[in-house]
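Reader: Hey, I've just opened this one and I'm new to it. Could you walk me through a few spots?

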Amino acid sequence: MLKISSTALGFAVALTLNACSLPAEQPESSAAKPATDVLPDVLKYVDPFIATGGHGHTFPGAVVPFGMVQLSPDNKSKGWDWTSGYHYSDSELLGFSHTHLSGTGVGDLLDILVLPFHGDYAAALKSPAGRPVAIYSHADEQARPGYYAVQLKEQGISAELTATERVGVHRYQFSQAKDAQLMIDLGYAQNYDKAVMGFIRQVDAQTLVGYRFSTGWAKLQPLYFVARFNQPFQAQLYQDGVAVKGTLLHSEKTAAVLNFGDLRQKPLEVAVALSYVSIAGAQKNLAAELPVLDFAAVKQQAAAKWQAQLGRFQVDAGEAAIAGTAPATADAVNETNKTKFYTALYHSYLAPQLFSDVDGRYFGADGAVHQQDPQQPRYTLFSLWDTFRGLHPLLTITDPGRVDGMMHSLYGFYQEQGLLPTWDLMSNETDVMIGYHAVPVLADAYFKGLTTLSAKQLLDASLASARQPRFGIDLFGKYGYVPSDLDVEAVSKTLEYAFDDHAIARLAQAAGDANTAAEFNQRAAAWQQLFDKSSGFMRGKTAKGEWVSPFNPIYVAHRTTDYTEANAWQYSFFVPHQVDAMIQRYGGQQAFVARLDQMFDMSSHMEGDVSPDITGLIGQYAHGNEPVHHVPYLYALAGAPAKGEARIRHIRDTMYHAKPDGLAGNDDLGQMSAWYVLSSLGFYPVNPVDSGYVRGTPQFQSVTLLLDNGKQLRILARGDRLKPVKRWTLNGVELPISVDYRQLMQGGDLVFEF
């Protein structure tokens, strides 16, 4: 059973019992008019169905950039590929829930399920499905940024969804001469989630309030809501599938069926405002973001927000970079590449997500409610093992104004729980994956001048994570590596701790702490303890310093070997902070490039229990998982950029497609998508802590990025993009193999010459 602090539970009950005041209706909608006249219409290139099939684990529903609400359809889970609640292979609709995870390997959320239906709800509970279910066809679905729609033809119901940051908005049309009904199910749960407490109260003829407490991947997740309807209803409440009267409290399976009568001539509109703090917080969010229930206005406003977010990129595809293609084929390729690019951008802006209310209150990692400046919002959903590599460095370019809020959210988590988060899910530490990768994200923001946090503050928080006595971190400090006979995933942990410690050393130096800088510079070189020159791999060692035998570099066993979701091939190049030293250990540039070639050109056969995360194989390179994302760019740092450019083009063309199974693996809250965006622009952060972006090759003839500082960065390709890059210049000055962040943010022309 979920343990809830007396403070949290008392706060919930007190606010529930006093939750009767709602915003007054206003004569006109105050929704802002979209200001899209100066931006290109890029929304036509976004397809939210991309990556909803295969192993992509995304969802197609309505959300605004970094929004708290992700209002999307749910199917009955049939396994791992349903972690987002939806999979393109399905056709059975359970309803529309208000919270979803995009691209994760573990499932949770799916809170407050709503389903429009006709018929006998009690009979549906006794059916094989155990609930009302609607059948739909993809031919009857639509999805674009901020909007989702589906026709439920058997029921004669059309459903549309849109959203503000904190409010999900529904519109339903009922065409049959039957009572129009709406189910609101707080007990519904899938994947790891489990409802433990639900409450619903009817406030007036058009309003419900309530909350849902759940446990699962997030051990403690309180969620409060206010639901406002444009039509009056009669409510029947259910507890554990039995119709009851009165208030429902402390029930795991709480639901309500609302009957609106004959609505054939009246569209039903519903606004569901969320808060992780209280019902009163949800009321404030509703009053601030949707004082008047107006679906069309919200839909237009959501589109405008996405247009502003995505329209800062203006893409001219030019001629398709495919040798010998006919003009018609080239045009089709260009359109497809634009769809891939803008959809990847879209998926890059779903997380981290807003977590605080409009008044600045939020549910903290210590289980208490906190207050902060509403202008400095709290964020959650930090999949840091994935996103430190590419997503956060992308956001420092496209959304520098949001970065400080995200950094204060990471630091606030540390203040509340004593450690920086590893994987923050709704202010819960899930302890999923390895490393303490909040450190490089914080350090990157600091060295780029994007956070008001001091080096001393960041160092103190980082040291708390780097000196904790678990996950082999204590062993790492004692032995200088993680011994394989004392902990699992020892090689991966050693390599990732070493990288994080490089970031700590830089922070210590910035804070004027020479002793700590020296200590962590030494720890940053720990990878050398595990490099076996005779085999050319990072290998496990015992506490006695002996190599682990037998050794098979293509062997995989899920979370039980020396490597995390990978084998020796996929981790042996993870030294992003000391690439030159790694190249020398391999015997110099020529030998290192040959080793990279071998990885890409060999068989993709693996032995053992191969994790479903290890996908997108090119030889032993596995693009569907994150540890290798920097590897194609190592060619450039080893003096063979042309080979890396060819690999990058191949990955862009074969691992990303404009179709539902268009991703090679889980999107992981945008990291897979961020790799594509950055690699289409022509550069990538091999070492996210040094503020540099290593040269690749651009996808398009030109991309203009409207920077937050009012300047423009134009990325231009001159010549045949299928050929090697001869050089690149920024405002006429030739660059080395990488470009610094501050140089990019000055704007101007970044020119690739082929």
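Reader: Where is Ser102 found?

Author: Keep in mind that this is a predicted model. Ser102 sits in the loop between strand E3 (95-97) and strand E4 (113-117).

Reader: And is Ser102 buried or exposed?

Author: Ser102 has a relative accessible area of 4%, so it is buried.

Reader: Which residues does Ser102 touch, not counting residues up to four places away in sequence?

Author: With those left out, Ser102 touches His57, Thr58, Phe59, His347, Leu350, Asp668 and Leu669.

Reader: OK, switching over to Thr162. What's its place?

Author: Thr162 belongs to strand E8 (residues 157-163). Its relative accessibility is 0%, so Thr162 counts as buried.

Reader: What does the side chain of Thr162 reach?

Author: The backbone oxygen of Gly146, at 2.7 Å. Gly146 is also one of the residues in contact with Thr162 once neighbours within four places in sequence are set aside, and others include Ala62, Leu71, Val169, Phe295 and Lys299.

Reader: Let's do a helix. Which residues of helix H3 are buried?

Author: H3 covers residues 279-289, and its buried residues are Ile279, Gly281, Ala282, Gln283, Asn285, Leu286 and Glu289.

Reader: What caps the N-terminal end of H3?

Author: Ser278 does, with a side-chain oxygen 3.4 Å from the backbone nitrogen of Ala280.

Reader: Now His437. Where is that one found?

Author: His437 is in the loop between strand E26 (428-429) and H9. It counts as buried because its relative accessibility is 1%.

Reader: What does His437 touch, not counting residues up to four places away in sequence?

Author: Leaving those out, His437 touches Leu384, Trp385, Phe388, Glu496 and Asp500. With Glu496 there is a polar contact of 2.4 Å between the two side chains, His437 to Glu496.

Reader: How many residues apart in sequence are His437 and His630?

Author: They are 193 residues apart in sequence, and their C-alpha atoms are 16 Å apart in space.

Reader: You mentioned H9. How do H9 and helix H12 cross?

Author: The axes of H9 (residues 438-447) and H12 (residues 490-510) come within 9 Å and cross at roughly 40 degrees. The two helices are therefore oblique to each other. Their crossing is left-handed.

Reader: Which residues make that contact?

Author: From H9 you have Val439, Pro440, Ala443, Tyr446 and Phe447. H12 brings Phe499, Asp500, Ala503, Ile504, Arg506, Leu507 and Ala510. Sorted by class, the contact of H9 with H12 has 10 nonpolar residues, 2 charged and no polar ones.

Reader: How about H10 and H13, how do their axes cross?

Author: Helix H10 (residues 455-466) and helix H13 (residues 514-524) have axes that come within 13 Å and cross at roughly 45 degrees. That angle is why H10 is oblique to H13. H10 passes H13 in a left-handed crossing.

Reader: Which residues meet there?

Author: Leu459, Leu463 and Ala466 in H10 meet Thr516, Phe520 and Arg523 in H13. The residues of this H10 and H13 contact divide into 4 nonpolar, 1 polar and 1 charged.

Reader: What about Met426, what's its phi?

Author: Phi of Met426 is near 50 degrees, a positive value in a residue other than glycine. Met426 lies in the loop between strand E25 (423-425) and E26. Its relative accessibility is 1%, so Met426 counts as buried.

Reader: Last one, Asp431. Where does it lie?

Author: Asp431 is in the loop between E26 and H9. It has a positive phi of about 55 degrees although it is not a glycine. With a relative accessible area of 30%, Asp431 is partly exposed.

Conventions
Residues are numbered from 1 along each chain as its sequence is written. This is a predicted model: local features need pLDDT of at least 70, side-chain atom pairs count only at pLDDT 80 or more; totals for chains, interfaces and linings use all residues. Side-chain values use heavy atoms; hydrogens and water are left out. Axes are lines fitted to C-alpha atoms, for helices over the stretch in contact, and angles run from 0 to 180 degrees between N-to-C directions. Helices (H or I, at least four residues) and strands (E, at least two) are DSSP runs, numbered from the N terminus. Angles under 35 degrees count as roughly parallel, over 145 as roughly antiparallel, 65 to 115 as roughly perpendicular and the rest as oblique. A crossing is left-handed if the near helix is turned anticlockwise from the far one by less than a right angle, and right-handed if clockwise. Contact means heavy atoms within 4.5 Å. Ala, Val, Leu, Ile, Met, Phe, Trp, Tyr, Cys and Pro count as nonpolar, Asp, Glu, Lys and Arg as charged, and the others, Gly among them, as polar. Buried means under 20% relative accessible area, exposed over 50%, partly exposed in between (1.4 Å probe, protein chains only). A polar contact is a pair of N or O atoms within 3.5 Å; within protein, one must be able to donate a hydrogen and the other to accept it, and residues adjacent in sequence count only if both atoms are side-chain atoms.
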